[in-house]
Amino acid sequence: MRISTSMTYDNSLKYMTSLQSQINRVTIQMATQQNINCPSDDPYGTEVVLDNTSLLSHLTQYQSNLETAQGWLSLADDTLGDASTVLTKLIELAEQAANGTLSEANREAAAEEARGLYEQLITYANTEYNGQSIFAGRDSGGDAYTLGLGATVTGATLASGAGSAVLSVDGEADQSISIEFTGDGTVGTDAITYRYSSDGGDTWTEATLAAGETTLSCDGVEVNMQSGTGVTAVSDDDTSAGTRITVRPAAIYTGDADDGAQVTAQSNTDVTATATGTFSDSVVVRIEEDTTVAGPVSYSYSSDGGLTWSDVQSSDDGTLTVPGGTLELSAGSGSDLAAGDTFTVTSDSTDLTVRVSTSSSIAINSCGLDVFGGLYSADGESYASTGEGDLFEAIGQFIGYLETNNEEGIAESLEALTAGQATMLSAASDIGAREVRLEHIETANTLLTETATSTVSNTLDADTTALATELSKLTTIYEAVLSTSSAVMNLSLLDYL
């Protein structure tokens, strides 16, 4: 092979340039203390560093979320502990009152104490964390409860389809009010006589519910009854006969409850839309082509408020399948659907959730109805109890029985209070379980953080001793190449002629 002078020069230049590049790379690594300063230094290592750096960023946010969740749940745990202490006092008071030996003065003192303890429990139920109610479900911007009035009804016949004889009680009363019907009839149809007492039955005021009316008026307190309710007159001979109402304190739940998903039409109000299922997140449904509810209906949906959309789906009968359930479209005042019509299914979950790991989210709040019970209006008109285990209603009824001197009712309240206590303790147990889960997740996140940090460090951090040795080696080689190249380039055939 013939070696020319130009080839020698080119090779020498190539090797010197390569050595300069390597020396420059090592010099930069020593200056930055990092093995990778641009992706070309180590493409695979760059990917490893980017992936783990992204993971560390997420883990930092998860830790912040986790600390928030711990704050909410720890406060709820402490609050229910304090509430349990107050409830124990109430149960002890009920046990004393149930033995039937209380004098009128004792009964009045017990009722006053019970009212104070009740208000204290409502204060606990309105506990806030950083200005947000922890027992109001998703509606955490205001109080979970307000103190109002409720009614305990005996001896009434409910109208067909009615859930309760009393829809609501308006007004204020410092003392429970006893109402007794002195005539028979149907509310909303007949004129019916009744009487009421605000002093435990010592004195009574006579009144009449006019025909066609449904509201009982008792010195500023109005009892709104269900039309069609049948009532009968009380009897002096049989104290269990007749219709009686006790107006007493009640905790009104004003937070958010699991009372069904709501559907809002953004444009088409002619079509009726209802949702069925359990929706943990709100879903926006968009009609893609002009059609009718009879179908076929082309649609897409979004679970992130419209940022991203699913592929186009199709339904043959107006029942649209979406995450969490279905959206049923039916004809209302019209049946036409236009491209671009949207329907928003609002989540029926009361949970405020935060993501605390790469695969886990946790509810940080509670629905007060599931913890304390109380009266709640799902449809904006009638108020109802949560049923057995309703703590706040049990306490309200107990106070009413105390203030109206109903010994039989006081005895029944003891059992209801115990059931309410069990409900609250079950809720406290659930909160405790979530706290334990957070501890395990925090441990796992810590291990992930340590592993990701170590991986980034091992991949990115430079070994200065090894770099110094490599730089010395490269410098020596570069100097040798320069010296050799210089000597070779100075040689010429003319030197030997």
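View 1. β3 (145–154), β5 (177–181), β12 (244–253) and α6 (407–460) each give at least two residues to the lining of the largest pocket. Helices (H or I, at least four residues) and strands (E, at least two) are DSSP runs, numbered from the N terminus. Before going on, please note that this is a predicted model, in which local features need pLDDT of at least 70, side-chain atom pairs count only at pLDDT 80 or more, and totals for chains, interfaces and linings use all residues. Residues are numbered from 1 along each chain as its sequence is written, and side-chain values use heavy atoms, with hydrogens and water left out.

**View 2. A look inside the largest pocket.** A pocket here is an open set of points on a 1 Å grid over the protein atoms alone, where a 1.4 Å probe fits, with protein on both sides within 12 Å along at least five of seven lines; lining residues have an atom within 4 Å of a point. The largest pocket has a volume of about 630 Å³, the volume being the space filled by probe spheres set on the points. Of its 22 lining residues, T154, E180, T239, R244 and N406 lie nearest the centre. The lining has four nonpolar, 14 polar and four charged residues (Ala, Val, Leu, Ile, Met, Phe, Trp, Tyr, Cys and Pro count as nonpolar, Asp, Glu, Lys and Arg as charged, the others, Gly among them, as polar).

**View 3. The second largest pocket.** This pocket has a volume of about 430 Å³. It is lined by 24 residues, and nearest its centre are A151, V166, L375, Y383 and E393. β3, β4 (166–170), β12 and α5 (391–403) each supply at least two lining residues, with the largest share, six residues, coming from β3. By class, the lining has 13 nonpolar, eight polar and three charged residues.

**View 4. An open sheet of three strands.** The order is β4-β10-β9, with antiparallel pairing. β4 and β9 stand at the edges with a single partner strand each, so one side of each has no neighbour in the sheet. Two strands pair if DSSP finds at least two bridges between them; four bridges join β4 to β10, and V169 has V223 as its bridge partner in β10.

**View 5. The hairpin of β9 and β10.** β9 (residues 215–218) and β10 pair over four bridges, and T215 has N224 as its partner in β10. Two residues lie between these strands, and D219 in the turn has a positive phi of about 50°. In β10 (residues 221–225), four of the five residues are buried (under 20% relative accessible area, 1.4 Å probe, protein chains only).

Terms used
Buried < 20%, exposed > 50% of the residue type's maximum accessible area, 1.4 Å probe, protein only.
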